[in-house]
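Here is a short report on the fold of one protein chain. Please look over the sequence and the model first.

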Amino acid sequence: MAFSVVRSPGAPVIDLRGLRARASAPLAAGLCCASVAVSRLWPSTPSKRLFASISASASASPAAAAVKKEAVQTERAPAALGPYSQAIKANNLVFVSGVLGLVPETGKFVSDNIEEQTEQVLKNMGEILKASGATYASVVKTTIMLADLQDFKKVNEIYAKYFPSPAPSRSTYQVAALPMNARIEIECIAAL
């Protein structure tokens, strides 16, 4: 945190005790370093303006800085296809990995149809969200990857049924290829 003050004669004096009291609440670990520098600016002017700079830096202890990270796993959605988790819970957020339109029991695509794959992707995502304690309504960001951007309108029609207003922010891309030659993959971030 840094503060700067320009003081002219008659201006109030900075009460550093009040500053310290306000700064201590958000900085639970405490202030690590604080410094005050005062120098004259424009010394030839009659007002003798002073410039004061107060800076402080905070350093959290390793325990306070540690991120609580927990893997989310459910049998009601397809298992990860590699060395990653279906989702990770960290700091009141859920990060759901890219989800494909696979049927959890078979590990095969529901069909080659974009509409059916989209429905299955969103059902699978819903199960992962549920296992993490989140819902479609708590999703704040999605990323959609399409094998063919021509499917954009069809995907939107199905997607809109799952996310209540206000809809999450979103990015949609056409990609060169998706795992297992999927037509669609969606990932998301949800707040807990």
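What share of the 192 residues in the protein chain is buried? In this predicted model, buried residues make up 29% of the chain. The accessible surface is about 11800 Å². Carbon and sulfur atoms hold 57% of that surface.

**Overall build**

The protein chain has four helices and nine strands. Along the sequence they follow the pattern β-α-β-β-α-β-β-β-α-β-α-β-β. Take the contacts with a separation of 6 or more: 66% of them come from residues 24 or more positions apart.

**The sheet**

Six strands form an open sheet with mixed pairing, in the order S4-S5-S6-S9-S7-S8. S4 (69-72) and S8 (169-174) stand at the edges. Each has a single partner strand, so one side of each lacks a neighbour in the sheet. On average, neighbouring strands are turned by 15° against each other, direction ignored.

Strands of a sheet pair through backbone hydrogen bonds, either parallel or antiparallel. S5 (residues 87-90) and S6 (residues 93-99) run antiparallel and are joined by four bridges. Isoleucine 88 has phenylalanine 95 in S6 as its bridge partner.

**Helices on the sheet**

| Helix | Residues | Strands involved | Angle |
|---|---|---|---|
| H3 | residues 114-132 | lies across S4, S5, S6, S7 and S9 | about 30° to S9 |
| H4 | residues 152-162 | touches S7, S8 and S9 | about 150° with S7 |

H3 lies across S7 (139-146) and S9 (184-191), among other strands. H4 packs on the sheet and touches S8, among others.

Key:
Residues are numbered from 1 along each chain as its sequence is written. This is a predicted model: local features need pLDDT of at least 70, side-chain atom pairs count only at pLDDT 80 or more; totals for chains, interfaces and linings use all residues. Side-chain values use heavy atoms; hydrogens and water are left out. Two strands pair if DSSP finds at least two bridges between them. Helices (H or I, at least four residues) and strands (E, at least two) are DSSP runs, numbered from the N terminus. Axes are lines fitted to C-alpha atoms, for helices over the stretch in contact, and angles run from 0 to 180 degrees between N-to-C directions. Contact means heavy atoms within 4.5 Å. Buried means under 20% relative accessible area, exposed over 50%, partly exposed in between (1.4 Å probe, protein chains only). Accessible areas come from the Shrake-Rupley method with a 1.4 Å probe; for residues, only the protein chains shown count as cover.
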